[in-house]
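Visitor: I would like to learn how to read the features of a model such as this one. Please start with the terms.

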Amino acid sequence: MWPYHVHRTRATLKAMDKNGFSDPYVKLHLIPGNIKATKLTSKTIEKTLNPEWNETLVYHGVTAEDKERKSLRVTVLDRDRIGSDFLGETRVALKKLADNQTKKFNLYLEHAIPVVNDKQDESERGKLLVALSYNVQQGSLYVTIKRGSEMVGMDSSGFSDPYCKVNLIPPTSKGHRQRTSVKKRTLNPEFNETLTFIVPYKDLKKKTLQVSVFDHDVAKSDDFIGCFLLSASAKGERGKHWIECIENPGQTIEYWHRLELEK
């Protein structure tokens, strides 16, 4: 998975206000997918028909699968005191973009384009960036929960208050069950929290790291968002991540992992 950087420079627009100008800004979405989780918004440039933003907006955790099936939706609007006027939109298929290269597009804005299959797939629970490192001298496994991306909204607002429970199983001490802090009202939380697990190096191959994400609620049970397991027997990148950590003590190994609904 990679971070995607969207650079925006200039545009030529029509006037929407009585003064003969507009106050344009840009909204970005990755479609199909969770509209709230993938919305990025530029700053507003006031009283102009030729705005220059020179702004970089970043999507984290874009997968090879996302590149094949998703597009970047670019919508330009005129900001008013109450609401916004639609100026136009365009789209760019992610598969047109090469990895680690900047590509410039000259695009014409069009009328509103219907969004097909806009409803979020219930199996898509979000992604989590996790870094692992084992220190042989200290006999410690360091698990850094870095950030989440495109998590499902569990509250009526369409957002969640996510936090992570991280368990080293089978547990041999109370310190093998830990959790992060809660991040309020977000679908793209930034944690950057390191949890320390005391465990002998020789036991790592027999252990499983369970990472679960919950939505914190008040006066009722927390909602389960999703989880994944890292172990030597896990399939795909989950097993690869754990084995690379074991084989490279002292190094920090990080991977994005998709959350699954099954506990």
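Guide: Two strands pair if DSSP finds at least two bridges between them. Helices (H or I, at least four residues) and strands (E, at least two) are DSSP runs, numbered from the N terminus. This is a predicted model, in which local features need pLDDT of at least 70 and side-chain atom pairs count only at pLDDT 80 or more, while totals for chains, interfaces and linings use all residues. Residues are numbered from 1 along each chain as its sequence is written, and side-chain values use heavy atoms, with hydrogens and water left out.

Visitor: Which residue stands opposite Ser140 in S11?

Guide: Ile198 is the residue opposite Ser140. Strands S8 and S11 pair in the antiparallel sense, over seven bridges.

Visitor: Over how many bridges do S7 and S8 pair?

Guide: S7 and S8 are joined by nine bridges, in the antiparallel sense. Within that pairing, Ser133 stands opposite Tyr142 in S8. The hairpin of S7 and S8 has four residues between the strands, and there Gly139 takes a positive phi near 60 degrees.

Visitor: Is S8 mostly covered or mostly open?

Guide: Buried means under 20% relative accessible area, exposed over 50%, and partly exposed in between (1.4 Å probe, protein chains only). By that rule eight of the ten residues of S8 are buried, and the strand is mostly covered.

Visitor: In what order do the strands of the open sheet come?

Guide: The open sheet has four strands in the order S10-S9-S12-S13, with antiparallel pairing. Strand S10 (177-179) and S13 are the edge strands, each pairing on one side only. From one strand to the next the twist averages 20 degrees. S9 and S10 pair over three bridges in the antiparallel sense, and Asn167 stands opposite Arg177 in S10.

Visitor: Which strands of the sheet does H3 touch?

Guide: Contact means heavy atoms within 4.5 Å. Axes are lines fitted to C-alpha atoms, for helices over the stretch in contact, and angles run from 0 to 180 degrees between N-to-C directions. H3 packs on the sheet and touches S9, S12 and S13, its direction making about 55 degrees with that of S13.

Visitor: How is an aromatic pair read?

Guide: A pair of aromatic rings is described by the distance of the centres and the angle of the planes. Rings of Phe, Tyr and Trp (its six-membered ring) pair if their centres lie within 6.5 Å; planes under 30 degrees apart count as stacked, over 60 as edge-to-face and the rest as tilted. A search of the whole structure gives three aromatic pairs. Tyr134 and Tyr201 have ring centres 5.4 Å apart and planes at 50 degrees, so this pair is tilted. Tyr134 lies in strand S7 (residues 127-135) and Tyr201 in the loop between strand S11 (190-198) and strand S12 (208-215), so the pair ties together parts 67 residues apart in sequence. Tyr134 is buried at 1% relative accessibility, whereas Tyr201 is partly exposed at 36%.

Tyr163 and Phe214 form a stacked pair, 5.9 Å centre to centre with 20 degrees between the planes. Tyr163 lies in strand S9 (residues 162-169) and Phe214 in strand S12, so this pair ties together parts 51 residues apart in sequence. Tyr163 is buried at 2% relative accessibility, and Phe214 is buried at 11%. Ring pairs link Tyr163, Phe214 and Phe224 into a cluster.

Visitor: Which charged end sits over the ring of Phe214?

Guide: A charge sits over a ring if NZ of Lys or CZ of Arg is within 6 Å of the ring centre and within 35 degrees of the ring normal. The charged end of Lys165 meets this for Phe214, 4.7 Å from the ring centre. Arg79 lies over the face of Tyr25, at 3.8 Å from the ring centre.

Visitor: Which residues touch the most other members of the largest nonpolar core?

Guide: In soluble globular proteins, nonpolar side chains tend to be buried together. A nonpolar core is a set of buried Ala, Val, Leu, Ile, Met, Phe, Trp, Tyr and Cys residues joined through side-chain atoms within 4.5 Å. The largest core has 27 residues, and those touching the most other members are Leu128, Leu141, Val143, Ile145, Val166, Leu209 and Trp242. S7, strand S8 (140-149), S9, S11, S12, strand S13 (223-231) and helix H3 (236-247) each supply at least two residues of this core. The largest share, four residues, comes from S7. Another core, of 15 residues, lies apart from this one and has Val26, Leu30, Tyr59 and Val74 among them.
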